Amino acid sequence: MLDLVLLHRSRGASEPSLAPSRTIELHGQTVSFVEAGSGPVLLLLHGITSSSRTWGAVLPRLAERFTVLAPDLLGHGASGKPRGDYSLGAYASSIRDLLLALGHERATVLGHSLGGGVALQFAYQFPERLERLILVSSGGLGREVSILLRAATLPGAEYVLPVLSGRPVRDVTAASLRALGKLGLRPNADGIGIGEGFGSLGDVEARRAFLHTARSIIEPSGQRVSAADRLYLAAWLPTLIVWGERDRMIPVAHGRAAAEAMPESRLEIFEDAGHFPFNDDPERFARVVTDFMGTTQPPPFDADRLRDLLRPPS
């Protein structure tokens, strides 16, 4: 785990600023989202304990070419945190409803970590709404996952989380980051992402939503859900798979296996990145996504082709 707190020299240049967030009410719950730019719709789905803020370095770059929509998933960020269903299927349905409510018929869906699992579920439930699929360090493609997330599914985790996410720990983390900044150093993207994740669990509603989400997809021995047996159903979609070679949360082997199962997909490995390749190298990430979007065409949904795939051979 020491790899998560390696230090880098500060780049010095300021990152682009994130557009102001907006809210909409769906099914009685507030959904917070950022929308910026114009052009083809690109929907960004963050990982567990993250929010639309995680895209701060890359969203403005993507918004130069696309209409970028980045919601806070329910249970995360400034969105509602109800007692309810936090399964991948429920997340996919809520994303479909958000797209339609905002007037978007179809979108390219880009999912990171948990968001990748949601994107895969969205492709399965609502293929007619999808133009392209982009999976970034995605969940739902194999059993292996970090011990940090597996530990959250253990009995008694609800009593440990308040300590890890409490104000004393958050204050120490913030002070450490400030001290590093004065030295011209900064934690790597994984360290920042994990620190922000724990910091987001400061209230009981957020912790409850996190535990419900984690336990719906993970168990102590690893990920409970897998889309590996249904990837063939998405073979008609232009698909980009992006992974960090040094990912300690979800191994890069999952990305390589998914690319093999989808021979027409593109695989992009960021050699010096971890679980957050879009924050390790936002310029390269935006360039890769922009090239993929510009060199592929959204195919029409073909129900007959899907029916043929689902029928067993006679």
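I looked up Thr54 to begin with, and Thr54 is buried at a relative accessible area of 8%. Buried here means under 20% relative accessible area, exposed means over 50%, and partly exposed lies in between (1.4 Å probe, protein chains only). The model is predicted, so I note that local features need pLDDT of at least 70 and side-chain atom pairs pLDDT 80 or more, while totals for chains, interfaces and linings use all residues. Residues are numbered from 1 along each chain as its sequence is written, and side-chain values use heavy atoms, without hydrogens and water.

I then looked up where Thr54 sits: in the loop between strand E4 (41-45) and helix H1 (59-62). Helices (H or I, at least four residues) and strands (E, at least two) are DSSP runs numbered from the N terminus. Leaving aside residues up to four places away in sequence, I find Thr54 touching His46, Phe276, Phe278 and Asn279. A contact means heavy atoms within 4.5 Å.

**Strand E4**

I checked E4 next, and five of its five residues are buried. Val41, Leu43 and Leu45 lie on one side, and Leu42 and Leu44 on the other. In a regular strand the side chains alternate between the two faces of the sheet.

For partners, I find that E4 pairs with strand E5 (residues 67-71) in the parallel sense over three bridges. Pairing requires that DSSP finds at least two bridges between two strands. Val41 has Thr67 in E5 as its bridge partner. E4 also runs parallel to strand E6 (residues 107-112), joined by four bridges.

I traced the strand order as E2-E3-E5-E4-E6-E7-E11-E12, an open sheet of eight strands with mixed pairing. Strand E2 (22-26) and strand E12 (266-270) are at the edges with a single partner strand each, so one side of each has no neighbour in the sheet. Neighbouring strands are turned by 25 degrees against each other on average, direction ignored. Axes are lines fitted to C-alpha atoms, for helices over the stretch in contact, and angles run from 0 to 180 degrees between N-to-C directions.

I looked at E6 in the same way: six of its six residues are buried. Ala107, Val109 and Gly111 point one way, and Thr108, Leu110 and His112 the other way. E6 runs parallel to strand E7 (residues 130-136) and is joined to E7 by six bridges. Leu110 stands opposite Ile134 in E7, and His112 has Val136 there as its bridge partner.

The chain goes from E6 through H3 to E7 in a right-handed β-α-β crossover. Right-handed means that, with the strands pointing away from the viewer, the path from the first strand over the helix to the second runs clockwise. Helix H3 (residues 114-125) lies across E4, E6 and E7, at about 145 degrees to E6.

**Whole chain**

Of its 314 residues, 50% count as buried. Among contacts with a separation of 6 or more, 78% come from residues 24 or more positions apart. The chain exposes about 14600 Å², of which carbon and sulfur atoms supply 54%. Accessible areas come from the Shrake-Rupley method with a 1.4 Å probe, and for residues only the protein chains shown count as cover.
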